[in-house]
Amino acid sequence: MATSIASSPDAHALSVVKSGADIHDHSSLVPQTISVMSNSFVDHRSTIWNDLLSSQVALFAEAEFQHLENLPGWKEAHSVADIGCGNGDYIAHVANTFPEKSYVGFDTSDKLVSIARQKFDQDDIIFHCMDIQDASPHSLFDCAILRFVVQHLQNPLDFFGSLRKLIHPNGFVVIIEPNLEASSSTPELKNFNALIKAYEALAKNLGSTRAKLKDHNGLHQLIGNSWQISNVEQIHSTHCREGWNKTGVAQILNGWVNIIEASQYLAWDYSSLRMEIEDWLNSSGQQIDIALNATTLRAANH
Ligand SMILES: C[S@@+](CC[C@H](N)C(=O)[O-])C[C@H]1O[C@@H](n2cnc3c(N)ncnc32)[C@H](O)[C@@H]1O
């Protein structure tokens with residue numbers, strides 16, 4: 001049964017309710033997926049996730065916010081949902097940078113939502129531990145952000161059908177996903193790149209959501225007929241040794257290794273991988289460029 005946000009302890013989330021529901025139903029598609037995102041996985045490893053998510057925000061936010069600022073409709077958007085908000089770092093950073101909006105974070109992991117509530121006890125952000133597929137209010141938000149979430153969805157068509165109900169008909173969705181093929185390191189992190197390649201190949205073989213994000217057609221299959229892709233841009237977050245946030249770069253590289261290792265999908269020599277990262281961080285002249293794909297969706301009939 002659907003859970004109403006109004007009946008949750010955070011009923012004041014309804015202050016951003018707007019009228020005009022638009023219901024689209026989709027038959028479900030359940031692809032075999034490679035996902036490390038089941039609730040128990042996230043909950044049992046919430047410390048690893050918390051560290052990784054925080055460092056990804058610290059490093060990428062500046063480049064991402066430039067993109068948001070220039071996105072048509074962003075300035076006018078009053079109510080923003082961060083779906084799969086994790087530990088809340090991202091939405092809190094967005095709220096501090098764009099304070100004129102109201103924000104609601106949703107995540108299915110109780111552990112990450114309690115971390116988010118503890119870290120960001122502020123009036124302009126509300127956190128719900130909830131799958132949006134169980135949320136009942138319609139047309140609630142002008143904008144939804146899905147950052148590093150779509151790659152993990154188990155049932156994307158149902159998810160995007162539910163999302164359509166949650167977003168105002170003139171609203172939009174911003175999907176941000178890493179594009180590791182367009183990312184690079186100098187000197188090259190060979191062992192690390194080999195791990196990422198193997199992980200991507202495994203995802204592809206399993207027909208995962210992650211693999212489908214790579215191209216326009218693949219993304220279309222995930223979002224269904226109620227959405228259309230209105231814009232795709234690549235964002236680059238580049239860090240070189242001179243003046244870089246070394247701890248942040250180290251946390252991200254090691255964080256990705258930790259998550260892949262903990263997923264137990266790939267047998268690998270993880271200690272030599274960590275040594276490669278350590279040596280790379282301590283040598284000279286390094287540069288790392290992490291590419292993200294930012295895709296905007298709008299309702300198909302608008
Ligand atoms: C990689 S984390 C990204 C967190 C955050 N967006 C960030 O960029 O820091 C993905 C999050 O999506 C959440 N998630 C996955 N499926 C979800 C769903 N159907 N509804 C809400 N949250 C979901 C997971 O619990 C996890 O915290």
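The model is predicted: local features need pLDDT of at least 70, side-chain atom pairs count only at pLDDT 80 or more, and totals for chains, interfaces and linings use all residues. Residues are numbered from 1 along each chain as its sequence is written. The protein chain holds 10 helices and 8 strands. Helices (H or I, at least four residues) and strands (E, at least two) are DSSP runs, numbered from the N terminus.

**Fold and core**

- Of the 302 residues in the protein chain, 38% are buried. Buried means 20 or more other C-beta atoms within 10 Å of a residue's own; exposed means 12 or fewer, and partly exposed lies in between, with C-beta atoms placed from the backbone.
- Among contacts between residues at least 6 apart in sequence, 81% join residues at least 24 apart. Two residues are in contact if their C-beta atoms, placed from the backbone, lie within 7 Å.
- The largest nonpolar core has 71 residues. Such a core is a set of buried Ala, Val, Leu, Ile, Met, Phe, Trp, Tyr and Cys residues joined through C-beta atoms within 7 Å.
- Strand E5 (residues 167–178) gives the most to this core, with 6 residues.
- Ala144, Leu166 and Val173 have the most contacts inside the core. Beyond its neighbours within four places in sequence, alanine 144 touches Ala81, Ile83, Leu163, Leu166, Ile167 and Val173.

**Ligand shell**

- The ligand is surrounded by 24 residues; the closest are Leu53, Gly84, Gly86, Ser109 and Arg147. A residue counts as near if its C-beta atom, placed from the backbone, lies within 6 Å of the molecule.
- Helix H2 (46–69), helix H3 (89–97) and strand E2 (102–107) each supply at least two shell residues. H2 has the largest share, 3 residues.
- The shell divides into 14 nonpolar, 6 polar and 4 charged residues. Ala, Val, Leu, Ile, Met, Phe, Trp, Tyr, Cys and Pro count as nonpolar, Asp, Glu, Lys and Arg as charged, and the others, Gly among them, as polar.

**Helix packing around H10**

- Helix H9 (residues 246–263) packs on H10 at about 170°, with the axes 11 Å apart. The pair is therefore roughly antiparallel. Axes are lines fitted to C-alpha atoms, for helices over the stretch in contact, and angles run from 0 to 180 degrees between N-to-C directions.
- Residues of H9 in this contact include Leu253 and Val257, and those of H10 include Leu273 and Ile277. The contact has 7 nonpolar, 1 polar and 3 charged residues.
- Helix H6 (residues 190–205) meets H10 at about 130°, with axes 8 Å apart. These two are therefore oblique. Angles under 35 degrees count as roughly parallel, over 145 as roughly antiparallel, 65 to 115 as roughly perpendicular and the rest as oblique.
- Asn191, Phe192 and Leu195 of H6 face Ser272, Leu273, Glu276 and Ile277 of H10 in this contact.

**Backbone features**

- Most residues other than glycine have a negative phi, and most peptide bonds are trans.
- A cis peptide bond joins threonine 186 and proline 187, with omega about -15°. Proline 187 sits in the loop between strand E6 (184–186) and H6.
- Phenylalanine 148 has a positive phi of about 55°. It is partly exposed, with 19 C-beta neighbours inside 10 Å.
- Glutamine 264, in the loop between H9 and H10, has a positive phi of about 60°. Glutamine 264 is exposed, with 8 C-beta neighbours inside 10 Å.
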